Amino acid sequence: MGIEIERKFLVTNDAWRAAAHAVVPMAQGYINDMAAMDSGTQKASVRVRIQGQDAYLNIKSRELGHTRQEFDYPVPVSEARELLALCVGGLIDKRRHMVSHGGLLWEVDEFLGDNAGLVVAEVELESAEQRFDTPDWAGAEVTDELRYYNLALASRPYSTWSAEERDKGSD
């Protein structure tokens, strides 16, 4: 069993772009949706992702916050395409930029399509107590805000949020 310890932040400006050393296009979808999670009929999200030339089936436990169980399995890209056709809700289309900062790898997700305009940075940690240097371009922490999770964005894209909802996270 894998454990993911991840913190998530809104990105406030483009200063990270100069430090980005790689970019990976991603398309992903979910076999289940927020309704199944919210009702308790499912306790994990089931994601299909094509990233660059690779594809994965991912299962992530339903805990809000920075620590979750995570299982990630490679699958053939052709099968991932077929699985994406079975997904519910919208598909997530994004570019993931790799940025090194403070000795850690930050993943800056620049969303496209129905989630265009949203840019979120994530950093994976070794432990929940690990200290880290937050870059100047990382703004409000949204680790505990469900609406910024990809599963939630597939069900309710950023383009449908009100101006007030968009402003809430930037406080």
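Me: What is pLDDT, and what does the chain average?
Reply: pLDDT is the predictor's confidence in each residue, from 0 to 100. The chain averages 92, and 96% of the residues score at least 70. This is a predicted model, where local features need pLDDT of at least 70, side-chain atom pairs count only at pLDDT 80 or more, and totals for chains, interfaces and linings use all residues. Residues are numbered from 1 along each chain as its sequence is written, and side-chain values use heavy atoms, with hydrogens and water left out.

Me: Which elements have the lowest and the highest mean pLDDT?
Reply: Helices (H or I, at least four residues) and strands (E, at least two) are DSSP runs, numbered from the N terminus. H1 has the lowest mean, 75, and strand E7 (residues 104-111) the highest, 98.

Me: Is Glu79 buried, partly exposed or exposed?
Reply: Buried means under 20% relative accessible area, exposed over 50%, and partly exposed in between (1.4 Å probe, protein chains only). Glu79 has 43% relative accessibility, so Glu79 counts as partly exposed. Glu79 is found in helix H2 (residues 77-84).

Me: Which residues touch the most other members of the largest nonpolar core?
Reply: In soluble globular proteins, nonpolar side chains tend to be buried together. A nonpolar core is a set of buried Ala, Val, Leu, Ile, Met, Phe, Trp, Tyr and Cys residues joined through side-chain atoms within 4.5 Å. Here the largest core has 16 residues, of which Leu10, Phe111, Leu118, Tyr148 and Leu153 touch the most other members. Helix H1 (34-39) and helix H3 (150-155) each give two or more residues to this core, and its largest share, four residues, comes from H3.
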